[in-house]
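User: I am new to this structure and would like to learn how to read its features. Please take them one at a time.
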Amino acid sequence: MSTVAGADPHLHEPGRPYSPLVVFDFDHTLYDGDSGSHLVLWLIQRHWARVTAAVLLSPLLLPMIAWLPTRRRAISVYLWVGTVGTTSRGDMDDLIDEYVRIHMRQIRARLLPVALKVLQRHRDAGDRVIIATGASPELARAILDFVAHEDLPVIGSISGPFLGGMITVEHCHYRNKMRMIWDAGYDQIAIAYSDSSADLPLLQAARKPVVVNPKHSRVAMFRRVLPAGTPILNWGCKSRGGDRVS
């Protein structure tokens, strides 16, 4: 599996270069939850020493996660704690495969049927569809494999080795997500789907933004900053806001 978005063979597929570009976020958009956090939690829970280290560090790290400029560093520390002893990208890919295999039933249950139908409609229409996610592309693609979308181009956060473990080298998040999309060779976005206020740069860059499964506390903000009439939908995340779509 590739570790660099620009080197991912899925990112430069032949097809219709002038078809509308449609970008889907992954977590809380196609998947009910935060897939990257679920993976890191499992990595940490594999050994009591990792759990102890994570608990001791959490009073420092949790506030850092809540603040956008320090989020990547905090995520990197948790990832490092969960992967000490993993020194190659291939080893990390093996861990992702093991996690997905062990949690197959739970992962399948978190994929949102309404979201997958919308995704399939865009593919059937010949649109250029990509996933842009804060999770690792390897994780998102392994999950999409369950529903026969493993061939989709995925732009995601890149991890790399550091002091005997893995850290997040490139976080596909906020404005950096847009930069990574442009760097992968994509340009004008026709439609963007996301739940997150951190994806405002993505939603505002799209000709048609669609907010899905937002936090209840963010609905008013989305209505204020996005064009009038922007759909704010709920595709099946019971704890989230938006107009329910059956």
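Analyst: Start with what an angle means here: axes are lines fitted to C-alpha atoms, and angles run from 0 to 180 degrees between N-to-C directions. Bear in mind that this is a predicted model.

User: Across which strands does helix H6 lie, and how does H6 run relative to E1?
Analyst: Helix H6, residues 113-124, lies across E1, E2 and strand E6 (191-194). Its direction is at about 160 degrees to E1. Another helix, H8 (residues 175-183), lies across E1, E2 and E3, and runs at about 140 degrees to E2.

User: What is the order of the strands in the open sheet?
Analyst: In general, strands of a sheet pair through backbone hydrogen bonds, either parallel or antiparallel. In this model, an open sheet of 7 strands has the order E3-E2-E1-E6-E7-E8-E9, and the pairing is parallel. Strand E3 (154-155) and strand E9 (243-244) are at the edges. Each of these two has a single partner strand, so one side of each has no neighbour in the sheet.

User: How many bridges join E1 to E2?
Analyst: Strand E1 (residues 21-24) and strand E2 (residues 128-132) run parallel and are joined by 4 bridges. Opposite Leu21 stands Arg128 in E2.

User: Which way do E4 and E5 run, parallel or antiparallel?
Analyst: Strand E4 (residues 158-162) and strand E5 (residues 165-170) run antiparallel, with 5 bridges joining them. Pro161 is placed opposite Met166 in E5. The two strands E4 and E5 form a hairpin with 2 residues between them. In the turn, Leu163 has a positive phi of about 50 degrees.

User: At what angle do H1 and H2 pack?
Analyst: Two packed helices are described by the angle between their axes and the distance between the axes. For helix H1 (residues 35-45) and helix H2 (residues 48-66), the angle is about 120 degrees and the axes are 6 Å apart. H1 and H2 are therefore oblique to each other. On the H1 side the contact is made by Leu43, Ile44 and Gln45, and on the H2 side by Arg50, Val51 and Ala54. Sorted by class, this contact of H1 with H2 has 4 nonpolar, 1 polar and 1 charged residues.

User: How far apart are the axes of H4 and H7?
Analyst: The axes of helix H4 (residues 89-102) and helix H7 (residues 137-144) are 10 Å apart, and the helices pack at an angle of about 35 degrees. The crossing of H4 and H7 is right-handed. From H4, the residues Arg89, Asp93, Ile96, Tyr99 and Val100 meet Glu138, Leu139 and Ala142 in H7. By class, the contact of H4 with H7 has 5 nonpolar, no polar and 3 charged residues.

User: Now single residues. Is Ser76 buried or exposed?
Analyst: Ser76 counts as buried because its relative accessibility is 7%, and buried means under 20%. Ser76 lies in helix H3 (residues 71-83). Leaving aside neighbours within four places in sequence, Ser76 is in contact with Met166, Ile167 and Thr168.

User: Where does Asp187 lie?
Analyst: Asp187 lies in the loop between H8 and E6. With a relative accessible area of 44%, Asp187 is partly exposed. Not counting residues up to four places away in sequence, Asp187 touches Leu21, Arg128 and Trp182.

User: How far apart are Asp187 and Ser239 in space?
Analyst: Asp187 and Ser239 are 34 Å apart in space, C-alpha to C-alpha, and 52 residues apart in sequence.

Definitions and conventions: Residues numbered from 1 in each chain as written. Predicted model: local features only at pLDDT ≥ 70, side-chain atom pairs only at ≥ 80, totals over all residues. Heavy atoms only, no water. Parallel < 35°, antiparallel > 145°, perpendicular 65-115°, else oblique. Contact = heavy atoms within 4.5 Å. Nonpolar A, V, L, I, M, F, W, Y, C, P; charged D, E, K, R; others polar. Pairing = 2+ DSSP bridges. Left-handed = near helix turned anticlockwise from the far one by under 90°. Buried < 20%, exposed > 50% of the residue type's maximum accessible area, 1.4 Å probe, protein only.
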